[in-house]
Amino acid sequence: MPNASRTDLADLKVFLAIMHRGGFRRAALELGLSPSALSHTMRKLETRLGVRLLNRTARAVVATAAGTRLAQRLDVGFAAIDEALDELETQRQFPIGLLRINAPQDAARLLVVPVLGSFIDAFPQIEIDLTVEDRIIDIIGEGFDAGIRFGERVPRDMISVPLTRPLRWIIVGSPSFLARHGRLAAPGDLMRVPCIRTRIGDGSVLSWDLGDGAAMVTLNVRGPVCVNDPNAIIEAARRGVGLAYCLEPRVKDEVERGDLEIVLPEWASEGPPLCMYYPSRRQPPPGLRQLIDAIRTSNGLTPLDKGSHSRGSV
């Protein structure tokens with residue numbers, strides 16, 4: 001195949017997706033095709049090349065030696081193509097298309113919703129499909145272009161872009177609660193009062209990190225209520241059910257109105273920023289770079305540039 005046709009290039013892209021995702025099913029989800037269609041594509045490609053690229057068993061798909069070498073070379077070539085297309089995307093004044101974003105409740109409320117109006121005015125040909133949920137998902141497997149999560153929860157194989165500076169976590173309680181239970185003087189006092197525990201997206205209960213650096217104290221607080229909804233947690237705290245642990249920006253209005261008070265303010269803790277993440281081997285979809293810029297600018301950060309990208313971590 002000395003001169004690759006458009007069909008050959010498309011089929012090689014399918015081959016790379018299978019290699020990167022470890023099988024036909026996950027690659028099919030990424031590409032929006034059926035596993036049987038991908039299997040048929042690979043059979044035709046191997047026939048044209050005259051070389052077997054994949055060994056298929058009932059349980060796994062494993063690359064042959066020739067397949068492994070080809071994938072390594074293709075990674076370099078397609079990365080160069082993606083970079084060239086990415087440069088064109090940055091120069092396109094009016095991106096067009098559907099942008100599917102998955103974000104937890106706090107990120108949607110604090111980051112995405114505040115910029116929607118100006119973003120839609122600036123890019124009227126971009127349609128945003130925002131799914132708000134706190135559970136941990138596979139954004140590729142569930143058909144999303146990008147997701148937002150706290151930095152340490154971004155998968156390692158994703159490109160991650162900070163949308164905020166490191167975020168401050170605080171404890172809050174209602175004036176009526178503090179009148180009943182008294183003022184707290186030290187982190188250990190939290191173990192004698194009711195706290196509203198938080199169930200996070202992976203099903204575990206969030207521990208409370210207090211303070212920073214070597215002075216940090218981590219507590220598994222107790223309380224009669226455990227909730228997986230940040231809005232419900234804040235409302236419960238406002239009604240005096242217990243103390244709540246949350247992002248400071250999320251309760252800014254409640255604190256300013258006097259509905260909630262910051263407890264142990266000297267023990268506030270700095271956590272990782274919220275980050276936008278998307279597949280590392282895919283050109284960013286139309287509008288994503290512009291949405292990232294809008295959110296970063298809204299949060300006092302510079303617009304996106306090459307240095308803003310990093311690999312995710314867990």
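In this predicted model, Asp157 lies in the loop that links strand S5 (146–150) to strand S6 (158–162). Its relative accessible area is 33%. Asp157 is therefore partly exposed. Ala214 is 57 residues away from Asp157 along the chain. The C-alpha atoms of these two residues are separated by 30 Å.

The largest nonpolar core comprises 42 residues. Those with the most contacts inside this core are Ile148, Leu190, Trp208, Leu243 and Met276. Helix H5 gives the most to the core, contributing five residues. A second, separate core has 17 residues, among them Ile18, Ala27, Leu38 and Leu54. In soluble globular proteins, nonpolar side chains tend to be buried together.

The contacts of Met276 were examined next. Neighbours within four places in sequence are left aside.

Helix H5 (residues 105–122) packs against helix H9 (residues 288–298) at an angle of about 115°. Their axes are 9 Å apart. Angles of 65 to 115 degrees count as roughly perpendicular, so H5 and H9 fall into the roughly perpendicular class. The crossing of H5 past H9 is right-handed. On the H5 side, the contact is formed by Leu111, Val112, Val115 and Phe119. H9 meets them with Gln290, Leu291, Ala294, Ile295 and Ser298. By class, this contact has seven nonpolar and two polar residues, with no charged residues.

Key: Residues numbered from 1 in each chain as written. Predicted model: local features only at pLDDT ≥ 70, side-chain atom pairs only at ≥ 80, totals over all residues. Heavy atoms only, no water. Axes fitted to C-alpha atoms, helices over the stretch in contact; angles between N-to-C directions. Helix = DSSP H or I, 4+ residues; strand = E, 2+ residues; numbered from the N terminus. Parallel < 35°, antiparallel > 145°, perpendicular 65-115°, else oblique. Left-handed = near helix turned anticlockwise from the far one by under 90°. Contact = heavy atoms within 4.5 Å. Nonpolar A, V, L, I, M, F, W, Y, C, P; charged D, E, K, R; others polar. Core = buried A, V, L, I, M, F, W, Y, C linked by side-chain atoms within 4.5 Å. Buried < 20%, exposed > 50% of the residue type's maximum accessible area, 1.4 Å probe, protein only.
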